[in-house]
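Please keep the sequence and the structure in view while reading.

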Amino acid sequence: MTTQRLYYSDAYTTTFDARCVERTEFNGAPAVVLDRSYFYPTSGGQPHDTGTLNGIPVVEVAARESDGAVLHALARPLDGDQVRGEIDWGRRFDHMQNHTGQHILSRAFEVLAEAETVGFHMSADSLTIDLDNPALDAAVIERAEALSNQVIFEDRPVRAWFPDDAELATLTLRKTPDVDGRLRVVEIADFDLNACGGTHVARTGAVGLIKIVRAERRGDALRLEFRCGGRALADYREKHALLSGLAASLTTGYWEVPAALDRLREENQALRRDLRAARSVLMEHEAARLRAEAPHNGAFALVTHIPAGGDPQAARELAQKLIMHPQTIVLCGVPGEKAQVIAARSDDLPQDMVPVLRIALAALGVERGGGRPMFAQGGGAAATPESLAAALDLAAASLRADPAP
């Protein structure tokens, strides 16, 4: 049997009595069908209501396609046929504010830009509409937001009803859905007229506020994320707290935060330049020291090095500076969960460093690695400083055995 959907005519009642007429299951949970219900089932982009039946939490509400019955999925089975239902008013009113706000915003874009809404989505943390014009600029979006809030502040009445066929023929709807059965129409006085089965506030003033927070192009559509009512207030509180915290950290007024951040960005860029220059000088000194301390066999100096920092990029930079010295070969290992090995030589030497690298990697159980004869690298397996040192010793031994292949 179908369920009498009481929310169609009254979205404000939160407690009601009904009779259980069927027990079933829905999505693996026990479910019941009532003869009458104020619980809104998920549909039209609006999520379902929650609440309780005889104190048992209602976890999901859906309309059964075969007969239109409203299925109330429960946290546990329901005993008895007489039911007292209670709607979670906070969730219901949130949906009412945001769904009515969506109607207002969609109509505002139609009025100002002839942009139609082709998609609507509401969840606990997101509220969006998709418009069929992806090229709307920021000025148009701002004007639509202003018009929407003007309609809210004027506190216009909102009416929802089922017109008969004769009356429906006289109405010009913003969009007429292709559905079976009678259409339910929602009217915002002297502004919008649209078919909708959702729950809505009685007057636009209850929406409180509409704030568009993001616009992004999605293919042939423009997706707008926005907040209404309580969500708009929560969004303002969060961002106000964030901005106030930044202002306090920067010891400035909130209106001066952008300028203060610009100064910090410029200072940071200057410091990064200075740091890179100082790091380069320090690395050159480190390279010179390692080169001077390295054993020399008459053909080349062999630098074997395992840096303490464990930074592969720093190790590569150090190797590059070392091989700027003539007659220099570098074997460098960086320990860690994804250890790295570098084998490099100055351009005045003939050795091919790829086979030398592979000797070290084989000792670590690694097959991947390669590069150019002058500079090769690889790794990816875990290695300790001790295992790396042993692997580098094997690679160094191959060089000593054949110093000039």
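A residue counts as buried under 20% relative accessible area, as exposed over 50%, and as partly exposed in between. The model discussed here is a predicted one.

## Two residues with positive phi

Most residues other than glycine have a negative phi. Gln-327 has a positive phi of about 50 degrees although it is not a glycine, and its place in the chain is the loop between α6 (312–322) and β17 (328–334). With a relative accessible area of 33%, Gln-327 falls between the two limits and is therefore partly exposed.

Asp-190, which is likewise a residue other than glycine, has a positive phi near 60 degrees. Asp-190 belongs to the loop between β12 (185–188) and β13 (192–195), and because its relative accessible area is 77%, Asp-190 is classed as exposed.

## Aromatic rings

Over the whole structure, a search finds 8 aromatic pairs. One of them joins Tyr-7 and Tyr-8, whose ring centres are 4.8 Å apart and whose planes make an angle of 55 degrees, an arrangement that counts as tilted.

Phe-16 lies in strand β2 (residues 15–26) and Phe-39 in the loop between β4 (36–37) and β5 (51–53), so the pair ties together parts that are 23 residues apart in sequence. Phe-16 is buried, with a relative accessible area of 4%, and Phe-39 also counts as buried, at 0% relative accessibility.

Ring pairs also link Tyr-7, Tyr-8, Tyr-40 and Phe-162 into a cluster. Elsewhere, a charge meets a ring: the charged end of Arg-159 sits over the ring of Trp-161, at 3.6 Å from the centre of that ring.

## Packing of α1 against α4

Two packed helices are described by the angle between their axes and the distance between the axes. For helix α1 (residues 89–113) and helix α4 (residues 229–249), the angle is about 95 degrees and the axes are 7 Å apart. Angles of 65 to 115 degrees count as roughly perpendicular, and α1 and α4 are therefore described in that way.

Which residues of α1 and α4 meet? On the α1 side they are Asp-94, His-95, Gln-97 and Asn-98, and on the α4 side they are Gly-229, Gly-230 and Arg-231. The residues of this contact divide into 5 polar and 2 charged, with no nonpolar residue among them. Asp-94, in helix α1, counts as buried at 17% relative accessibility, and its C-alpha atom is separated by 24 Å from that of Leu-183, which is 89 residues away along the chain.

## Loop residues

Arg-174 is placed in the loop between α3 (165–168) and β12, and with a relative accessible area of 17% Arg-174 is buried. Leaving aside neighbours within four places in sequence, Arg-174 is in contact with His-103, Ser-106, Arg-107, Glu-110, Asp-192, Leu-193 and Asn-194. Arg-174 and Arg-107 are 67 residues apart along the chain, and their C-alpha atoms are separated by 7.8 Å.

Arg-76 lies in the loop between β7 (70–74) and β8 (82–87) and is partly exposed, with a relative accessible area of 45%. Not counting residues up to four places away in sequence, Arg-76 touches Pro-30, Gly-55, Ile-56 and Pro-57, while its C-alpha atom is separated by 35 Å from that of Val-207, 131 residues away along the chain. Asp-347, in the loop between β18 (340–345) and α7 (353–363), is exposed, with a relative accessible area of 63%. From C-alpha to C-alpha, Asp-347 and Leu-302 are 14 Å apart in space, and they are 45 residues apart in sequence.

Note on methods
Residues numbered from 1 in each chain as written. Predicted model: local features only at pLDDT ≥ 70, side-chain atom pairs only at ≥ 80, totals over all residues. Heavy atoms only, no water. Phe/Tyr/Trp six-rings, centres within 6.5 Å; stacked < 30°, edge-to-face > 60°. Helix = DSSP H or I, 4+ residues; strand = E, 2+ residues; numbered from the N terminus. Buried < 20%, exposed > 50% of the residue type's maximum accessible area, 1.4 Å probe, protein only. Lys NZ or Arg CZ within 6 Å of the ring centre and 35° of its normal. Axes fitted to C-alpha atoms, helices over the stretch in contact; angles between N-to-C directions. Parallel < 35°, antiparallel > 145°, perpendicular 65-115°, else oblique. Contact = heavy atoms within 4.5 Å. Nonpolar A, V, L, I, M, F, W, Y, C, P; charged D, E, K, R; others polar.
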